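Here are my notes from going through the model.

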Amino acid sequence: GHLPPGRDRYNSSSLAHRLPQCIIIGARKCGTRALIEFLKLHPQIISPNDEMHFFSNDTNYKLGFEWYRKKMPLSYPDQITIEKTPKYFISVISPSRIHRMNSSIKLIAILRHPTTRVISDYTQICANKQSKNETAEPFELRALDKQTGHINPVYKATQISMYHLHISRWLQLFPLNQLHIVDGDNLILNPLEEIRKIEQFLNLPHLVNPDSFYYNSTRGFYCMRKTKTGPEQCLGANKGRKHVNLSKKVITKLNKFFKPHNEQLYKLIGRRFPWR
Ligand code: A3P
């Protein structure tokens with residue numbers, strides 16, 4: 001007959017380091033940390049604490065799949081191992097390497113309003129500079145063409161937010177039904193809704209408890225409480241920073257610039273986002 005679900009959990013010999021069956025590929029500054037932390041509330045999801053940078057980094061990749069596998073936490077057979085490395089999203093070499101490891105792997109990309117992502121990215125760059133007692137170049141100098149004042153399409157932060165450029169590379173190798181896209185703006189407002197969609201995508205029972213989330217008005221974000229009486233756990237202070245102030249004019253330019261790129265994304269994935 002059938003073993004009851006979770007039966008293997010009583011048998012520590014079934015514990016093993018397993019290759020991830022699902023990878024969060026990015027994108028940077030779209031809520032990747034919040035996403036993985038929230039997913040870990042599910043008893044059947046397990047994840048390494050650090051970003052692996054395995055497929056995107058040649059030195060790491062040369063160490064091989066066995067090296068990578070041993071980096072994964074111990075898991076039971078009924079658990080899904082997930083790793084997240086936001087760099088994979090833009091890394092040209094990563095899709096084929098991941099495909100070579102497991103062509104039926106499930107991929108998760110989290111996206112948010114492209115302009116918000118650019119501002120979040122620049123805010124992080126400013127904070128990193130500040131911690132080294134340096135100052136970042138003014139946003140306009142990086143993001144705008146000096147001659148024309150138009151959006152500079154090769155600015156890295158802008159490049160990352162042209163989501164269709166990257167998604168199209170993944171879809172050259174993986175079918176659309178293997179790629180789940182999380183609405184990063186909605187993850188902020190309604191984390192449970194986005195998590196439940198992922199439980200479905202991963203064929204997992206809905207086991208993330210609504211009571212695990214509570215809104216922290218000081219932070220302005222949802223935090224976690226893993227047990228009823230347990231401590232509140234918010235993400236680090238580097239998540240949910242106050243964004244740098246940019247002029248209305250430059251924000252309007254960014255929004256206009258991204259519009260056709262957003263449309264290309266919607267076409268590619270057969271789904272629209274309410275980005276204006
Ligand atoms: P900001 O700091 O610009 O607000 P990543 O982890 O990929 O670097 O993404 C960081 C972003 O996650 C933050 O960007 C924040 O908006 C978003 N985020 C989503 N849910 C969050 C939460 N519950 N707590 C903190 N940040 C959250």
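1. How many Å separate a polar side-chain atom of His243 from an oxygen atom of the ligand? The gap is 2.6 Å, inside the polar-contact cut-off (a pair of N or O atoms within 3.5 Å). A polar side-chain atom of Ser120 also sits 2.6 Å from a ligand oxygen, and for one of Lys29 the distance is 3.0 Å. Taken alone, the ligand exposes 570 Å², and the protein buries 96% of that (Shrake-Rupley areas, 1.4 Å probe).

2. Some ground rules. This is a predicted model, with local features needing pLDDT of at least 70 and side-chain atom pairs pLDDT 80 or more, while totals for chains, interfaces and linings use all residues. Residues are numbered from 1 along each chain as its sequence is written, and side-chain values use heavy atoms, leaving out hydrogens and water.

3. Now the helices (DSSP runs of H or I, at least four residues). H5 (residues 114-131) packs on H11 (residues 248-269) at about 125 degrees, with the axes 9 Å apart; axes are lines fitted to C-alpha atoms over the stretch in contact, and angles run from 0 to 180 degrees between N-to-C directions.

4. The Gly26 to Ala27 peptide bond is cis, with omega near 5 degrees. Asn133 has a positive phi of about 60 degrees, though it is not a glycine, and lies in the loop between H5 and helix H6 (139-143). For context, most residues other than glycine have a negative phi, and most peptide bonds are trans.

How values were computed. Helix = DSSP H or I, 4+ residues; strand = E, 2+ residues; numbered from the N terminus. Polar contact = N/O pair within 3.5 Å; in protein donor to acceptor, adjacent residues only side chain to side chain.
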